[in-house]
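Hi there,

Here is the structure I promised to pass on.

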Amino acid sequence: DIQTVNDEIRKWVKKESDVAIYITGPAGIAADTLALFSRADIVLMLSTVGLILVLLIVIYRSPLLALIPLVAAGFVYGVVMQLLGVMGKAGLVMSKQTISIMSILLFAAITDYSLFIFSRYREELKRHENKWQAMKW
């Protein structure tokens, strides 16, 4: 583990002298990236959901309607995380960065698709009086 090696080097140097060291190059970048994504999962997810919620409230002007895509995305997120766990147990290697980016893309795709469905539904309601018929088209 790169972070463990970096920590050991820093401990050794700090014990031997007062020199401040910085790890650069691929090892330093890799360690910083891993540390960033290990702490950022919750913040990234909450900021994604918050931003999407605000945008949907502005677009739909209805908090209840804005929650529908987020509830659907939350359900799909739970299912996908379970599937990724099963695949990981079977030997598929995934990094934290991959899972974080996948989570954001999942919420974005579901939100985009729900915007499309809702706008098409509203468009079809103008042509069909029956709401079931409008959703069918």
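Ser 114 touches Tyr 60 and Pro 69, leaving out residues up to four places away in sequence; contact here means heavy atoms within 4.5 Å. Ser 114 sits in helix H4, where helices are DSSP runs of H or I with at least four residues, numbered from the N terminus. With a relative accessible area of 10%, Ser 114 is buried; buried means under 20% relative accessible area, exposed over 50%, and partly exposed in between, with a 1.4 Å probe and protein chains only.

Before I go on, a word on the source: this is a predicted model, in which local features need pLDDT of at least 70 and side-chain atom pairs count only at pLDDT 80 or more, while totals for chains, interfaces and linings use all residues. Residues are numbered from 1 along each chain as its sequence is written, and side-chain values use heavy atoms, with hydrogens and water left out.

Now the core. The largest nonpolar core has twelve residues: Met 45, Ile 52, Leu 56, Tyr 60, Leu 65, Ala 66, Leu 70, Ala 73, Leu 106, Phe 107, Ile 110 and Phe 118. Helix H2 (25–60), helix H3 (63–89) and helix H4 (96–127) each give two or more residues to this core. The term stands for a set of buried Ala, Val, Leu, Ile, Met, Phe, Trp, Tyr and Cys residues joined through side-chain atoms within 4.5 Å. In soluble globular proteins, nonpolar side chains tend to be buried together.

Next, helix H3. H3 has 27 residues and reaches 39 Å from first C-alpha to last, close to the 39 Å expected at 1.5 Å a residue; the expected span is 1.5 Å times one less than the number of residues. Buried residues in H3 include Pro 69 and Leu 84. After H3 comes Gly 91, with a positive phi near 120 degrees.

What about nonpolar residues on the surface? Phe 75, Val 79, Leu 83, Met 87 and Leu 92 form a patch there, with about 480 Å² of accessible area together. Such patches take residues with over 30% relative accessible area and no salt bridge, joining like charges within 9 Å and nonpolar side chains (Val, Leu, Ile, Met, Phe, Trp, Tyr) within 5 Å. The areas come from the Shrake-Rupley method with a 1.4 Å probe, and for residues only the protein chains shown count as cover. Met 87, found in helix H3, is partly exposed at 40% relative accessibility.

Finally, how many salt bridges does a search of the whole structure find? There are four, each a side-chain nitrogen of Lys or Arg within 4 Å of a carboxyl oxygen of Asp or Glu.

- Lys 11 pairs with Glu 8, the closest N and O atoms being 3.9 Å apart. Lys 11 is exposed at 53%, and Glu 8 is partly exposed at 46%.
- Glu 123 pairs with Arg 120, with the closest N and O atoms 2.6 Å apart.
- Glu 124 pairs with Arg 127, with the closest N and O atoms 3.4 Å apart. Glu 124 is buried at 2% relative accessibility, whereas Arg 127 is exposed at 62%. Salt bridges that share partners join Arg 120, Glu 123, Glu 124 and Arg 127 into one network.

Best wishes
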